[in-house]
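This report looks at some helices and nonpolar cores of a protein model. Please keep the sequence and the structure at hand while reading.

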Amino acid sequence: MTSSVTFNRRSALKGLLGGGAITVGLPLLDADLNGNGTAFADESPLPVRFGTWFWGCGMTKKIFVPAQTGKNYELTEELEAIKNVKQHINVHTNLTAYRDGTFFCHYTGWVVFRTGSAPVVGNLPLYESLDTTLANRIGRTTRFKSLTATATGDIRNIISYENATTPNPPEFSPMAFYTRLFGPDFQDPNAAEFKPNPRIMMRKSALSAVTDQIKALNGKVGAEDKARLDQYFTGLRHLEQQFDHQLTKPEPRAACKPAKAFKDEPAPGTDSQLIAARHKMMTDLMVMAVACDQTRVFNMTMSKSDSNTTKQGYEKPHHTCTHEESIDEKLGYQPNASWFTKRSMENWAYFVEAFSKIKEGDGTLLDNVLIMANTDVSYARVHSLEEMPAFTAGRAGGKVKTGLHIDHKGGQGTALSYTCLKVMGLDVESWGTKSNQTNKEVGEILA
Amino acid sequence: MEVEVLVSLYFKGSVSALLRGSAIAAVSAFALASCSAPTTEGAKAGAAKPAAEAAASKTSEPETAGSAKRLRLLSQDQYLNTLAYVFGPDVRPDAYFPPAQRTDGLLSLGAAKAGVTPTRMEIYQKAAQTVSALIVDPKRRDFVITCKPADEKKSDRACATKVVTEVGRLMSRRPLTADKRDAFVEQAVGAADKLKDFYAGLGVALEAMLVSPNVLFVTERSEPDPKNPGQHRLDAYSLATRLSLFLWNAAPDDQLLKAAETGEIQTPKGLAKQVDRMLASARLDQGVRAFFDDMFAFDTFNALSKDTTVYPTFTGQALTDAREETLRVVVDHLIAKKGDYRDLFTTRETFISPALAAIYKLPAPPTWTRYEFPEGSQRAGIVTHISFLATHSHPARTSATLRGKALRELLLCQPVPPPPANVDFSAVENPRPGLRTTRDRVGFHLENPVCAGCHKIMDPMGLALENFDGEGSFRLTERGAPIDASGTLDGKPFTDVVGLGKALHDHPAVPSCLVKRAYSYATGSPTTNNDRPLLAYFNTRFSEEGYRVPDLMRTIALSSAFSHVNDTTQTTPGKTADASSKSAAASN
């Protein structure tokens, strides 16, 4: 840990605006997060990290929703792929996202889950996404405040918002993502030798020449632009902090074993095999970034909300298929649409399993992680925001139980997000706005 | 070839401008003379237009409150174009700045709202690090750094001050204040002493400068207009920057900054002189390309792919070339030929590359070659280019809806509302027996009243393009059934895509959409209802001047609205004046 990094209480306050903050707690300390009494080699407690995973175009209720709830539910046709990680996952079904006005078919639903509020314009949310809220609390001491990646190869597939007007652009090239994480600027925490680079010291010092310029600019712009300059200033502090990281001998992290750089990456394209290949590479990098404590908040997109994933030789991309494919009379569902959902579930299982394969403390990395996975609609064919599915994975340092199917009986989707925020230590009495405002926690999963 | 010529001119220009030992100002006249040489003979001669002629126009600009003052984030291309001008084209970091959110039809308008995330800041820092390393590189520094230190192993305050002053002025688009300059110089000196290397120290200071807000943010400032009490005008440097971003998609050059320094730019004659110089410069190509790339939403190409089992000829090269083809036609037709904007929708003249020839089913030329489709060809107008056809199709088939939606939104400025909630899509089921063509399949949209409202404004235009498959290859049949490409565009019937091109050519929304986009692009703000009289004025001028785009750019650049601002620091865009957006659905 670097000593020069101070938690910015003001940013924590700002981070809460999205939820219509009611109570503001003290900044979350690592100590609060340590649920299972294990620690890093330097005796700093194992942190609990938060992540999200996203897939587009929902599911088919008939072959997705398990018949039983609780622990001993049977996997369904569309969930078959998660069998190896069933014990690490909670399946949430029958959640509702409320439109509260204008409806954007493949946007409203997931934005409600991620920001607590239904959007009023087409490509902008009203508030920051929950990963940002948490990154502002638990991401200030790591090299990256948060990391966001997409397997779609398209930088425009936004899943995280720094604030209402500022999306967090995803990493979309596995090779570029590798370089950012483990390229020349990476400090191997387990390296025997450490020598701070004097040029980086100078680099950090030179930023002070920039800091003063902000003050001069601030007097010349309106309130909204002032907020943008504040945000820029935060970015500048982030750079300083990254330089600090490079100047400080990192603490050893036993689980940190980055692989070698990729020699090649999948060609651009939306074919499901290309997406799976990209998703695997991005996931492996993300997991290692967490294991190396480079970040404590992460987002992964497998397919975009109106998923354009394609199946080789089949003319309709996923989204088009959900609307246009006939329901097979014998099967009783759309076979190709379901084919796409099954591929999504395979990728989700890969993502969870990758965290479970890294040993950390007495258990695995997954034990100290909480992941929320969601989608844009339930039944894509009619853009339904009722009966929506979602997942959580990981035990959040012992705070969350897993292996369950929970039927939310039409409850708010935001209750799940709120539960995640609470588990991660956010002290607010409620989250979300209008019909999506909630103060209910999903008690079934709390340990 | 053309590109190479252009590049070498810039390179010579910038090297000359920064020749060691001489003040940047002393040689800039030479540098700019070479930059302004037109690439195509005599092509831009007509760009200059005496002010008297403009005044003789039947219409005069309505009084407005001016445009909004903005804080814009510099785009990746604006940053790279500026570096190329200041340091030469090989000072080009391999940086990818995340694009802004498309706002009111343009990515560039999103730049006035976009914030800087920590990730973006990292990207800026990495780019700055690369640029600064390139500048102080032993192979390059004697060309781009205009002084030499007394001793390379020590700091040299005088030389550092000179470089920081020169680079700071060009990169920040106005002279650095003494405070700012000294802050960077202190860092250069301190770092040089510590690192025992003048250039390493200078590099550190330049790195910091390149991530400074004065470089990354375009902050527009205003002042009371002495000639029009009560009104506010952009200050000279803000005006210079607005002009150069509009016309060149880059920061102002030395000459434009000088015109700002002397105040010349704030006189009508001085402003016209600068605008005409910029319109006559070869750099106008770059500016016009940037504008149309944005307006036509060609960023779609960055993530476009096709199912190669269905379209084996659609290679990565074809993808790159398809975007380039249309931009070449735009520049050739609008700037070199000074053509009528509306003729872009009917012209058979184009440029073909080897990769495109495979899709156009033409003999492959050795390299980019001018080509005219024969009379009677269905390839008429830019909407029959592979670019439009392929970007608004699915990976393995066409989409009449996507194509129609794109034409409405991109070319006519008529946003199509999103589909309603909980639509029953059961009618969409496919294949229904006997439905072989796309026209048959999308017919249901029009049968269902909930769908018909919007689909009848999208589908007919898209169906007119059905003679081109999902990669843009020509076809007469689909699944063995003949394709019917007839239709109507807002009441104008046509039998095939050539007729659609003519209908677009004659559609009043085609030029008015361009005007709306050009003005909002120029000022960085979405247009509002208050801008209607102003847009009407621009429309009239555009029509009077034969729909010549450089003339339209000139009219906008010289307008009072362009250089005056409503001095509120308001940054929230007002309700957009998309008159057509609602009526598009209603009028059909």
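Just after helix α10 of chain A, Asp293(A) takes a positive phi of about 55°. Helices here are DSSP runs of H or I with at least four residues, numbered from the N terminus. This is a predicted model, in which local features need pLDDT of at least 70, side-chain atom pairs count only at pLDDT 80 or more, and totals for chains, interfaces and linings use all residues. Residues are numbered from 1 along each chain as its sequence is written, chains are lettered from A and ligands numbered from 1 in the order in which they are written, and side-chain values use heavy atoms, with hydrogens and water left out.

The table sets out two helices; the expected span is 1.5 Å times one less than the number of residues.

| Helix | Residues | Length | Span | Expected span |
|---|---|---|---|---|
| α10(A) | 272–291 | 20 residues | 28 Å | 28 Å |
| α9(B) | 178–195 | 18 residues | 25 Å | 26 Å |

In α10(A), 14 of the 20 residues are buried (under 20% relative accessible area, 1.4 Å probe, protein chains only). Asp271(A) caps the N-terminal end of this helix, with a side-chain oxygen 2.9 Å from the backbone nitrogen of Gln273(A).

The buried residues of α9(B) include Phe184(B), Val185(B) and Ala188(B). Just after α9(B), Lys196(B) takes a positive phi of about 55°.

The largest nonpolar core has 166 residues, and Phe296(B) and Tyr341(B) are among those touching the most other members. Such a core is a set of buried Ala, Val, Leu, Ile, Met, Phe, Trp, Tyr and Cys residues joined through side-chain atoms within 4.5 Å. Another core, of 49 residues, lies apart from it and includes Leu79(A) and Phe391(A).

Terms used. Helix = DSSP H or I, 4+ residues; strand = E, 2+ residues; numbered from the N terminus. Buried < 20%, exposed > 50% of the residue type's maximum accessible area, 1.4 Å probe, protein only. Polar contact = N/O pair within 3.5 Å; in protein donor to acceptor, adjacent residues only side chain to side chain.
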